[in-house]
Structures are given as structure tokens and as C-alpha cells.
Amino acid sequence: MKIYQRGLFLLLSFHVISCLVSCCDEVDCVESKLNRIEVMCVDNTGPSPLQITADSTQLSAAGYKMTIAFFGEETHRGPCVAATHCLLDWFQNRALATSCPHPEYSSPDTLQQIIIRSTKNFNPDYPAGSNLFGLFIMDQENESAFRTLQNMPHWNDESGELDLLLFATPDSVRMHQFMVDVYMTSGRVISDTTIHIALAP
């Protein structure tokens, strides 16, 4: 009986020491938040994209690209909840492994949706103030980046960009100024406004 108890004690001690050594000292969780966005107008008609920096530039709508850059900051770094609760998890038979999860990112500021509005009518179906996001498309690389921003991203000074290509034709030449609102799952709304640009059919 004493041999059995001694063996059980040694087994418990091994797992406790393994947990403390391999879990709590190795794993960090990083929390971050999005601080601001910057929206740029891009002329995509030439051999390479060219950022438009002057108001009143006229451009064919078929060559218009909007780039949204995201800027954030790290707000916390420390042991993951899974690491600090490793010992408790072991006793409750929920985690028998002697190592913890890999470092991971978490944020209450995951991207929920993007709304793009214009100060002018785009066409009869999209009057001023309508959500124009559906008129823009993303290539495969940007769709992947968009999904990342919706699923626990790591916001920092270079959190990436989204390129949105306008895939619709206005009914006439109008001077548009686009207002971009990024809605977060935390309830925050982060906005920016473009320069004025004349989009032609």
C-alpha cells in the first residue's frame, strides 16, 4: 500500500513540476487594440498603382482602388489563461498534457464590418449616404487578410492593409468624398474620410 501511495505521489509530483516548468514560464498571450485607420485613394489604371494626393482628381471608376491601412497597439502581454490554470486543469482531468498552447493573440477589437459611404449619389440605386461596400471587390490575398482581421488579429503599427477595387460604374461624373467606418465587435467605430475625387463612368 505504501509503495502504491509513494508511486502515486511521485507521479503527481512529476506532472506538477512538468506543468509549472513547461507551461507557466513559456507561454505568453498578447492582447491588442485597433487605434486608427487611414484611407487612401489609388489610381489603378497604370502599370503600377499610384496614390492620389490632390483633391478634385478625375479618374475612371474602373481604375479606382481604395486602400485601408490599420494601425493599433499591443495593450497586454503575459501568461495565457490556459498556462496559469494548467495545474487546475490537470487536477480536473481537462488537460493531461505537460505543455501549454503556443503563444496566441487575442483582442476585443476584432473587425465586424466595414461601411463605405459617399457624399454624392453614385447611381439611382445608391444615393448619397448608401453603403457602397458591396460595390468593391477584393482579390484572394485581400480576402484572406480581411478574414484575419475578423478573427483575433494582432493589432500593431503595421497591422496590414486592405485593397478594395471599385467594381461598379457611376451614372455620371461626380465629385465623391468617401467616408469609411470600421465597426468593431467591441462596439467601437473607427473612421476616416478620403480626399475629394471625381469618378467618371
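A salt bridge here is a side-chain nitrogen of Lys or Arg within 4 Å of a carboxyl oxygen of Asp or Glu. Side chains of opposite charge can pair when their charged atoms come close. By this rule the count comes to 7 salt bridges.

Some ground rules before you click. This is a predicted model, in which local features need pLDDT of at least 70 and side-chain atom pairs count only at pLDDT 80 or more, while totals for chains, interfaces and linings use all residues. Residues are numbered from 1 along each chain as its sequence is written, and side-chain values use heavy atoms, with hydrogens and water left out.

**Stop one: D163 and K65**

Select D163 and K65. They form a salt bridge, with the closest N and O atoms 3.9 Å apart. D163 lies in strand 8 (residues 161-166) and K65 in strand 4, so the pair ties together parts that are 98 residues apart in sequence. Strands (E, at least two residues) are DSSP runs, numbered from the N terminus.

Now color by accessibility. Buried means under 20% relative accessible area, exposed over 50%, and partly exposed in between (1.4 Å probe, protein chains only). K65 counts as buried because its relative accessibility is 10%. D163, at 23%, counts as partly exposed.

Two strands pair if DSSP finds at least two bridges between them. Strand 4 and strand 8 pair in the antiparallel sense, over 5 bridges. Pick I68: opposite it stands L162 in strand 8.

**Stop two: K33 and E73**

Which residue in strand 4 is the bridge partner of K33? E73 is that partner. Strand 1 and strand 4 run antiparallel and are joined by 15 bridges. Check the surface too: K33 is partly exposed at 31% relative accessible area, and E73 is partly exposed at 35% relative accessibility.

**Stop three: R117 and D181**

Move to R117 and D181. This salt bridge has its closest N and O atoms 2.8 Å apart. R117 is in strand 6 (residues 111-118) and D181 in strand 9 (residues 174-184). The pair links distant parts of the chain, 64 residues apart. Is D181 buried or exposed? D181 is buried, with a relative accessible area of 8%. R117, at 26% relative accessibility, counts as partly exposed.

Key:
Helices (H or I, at least four residues) and strands (E, at least two) are DSSP runs, numbered from the N terminus.
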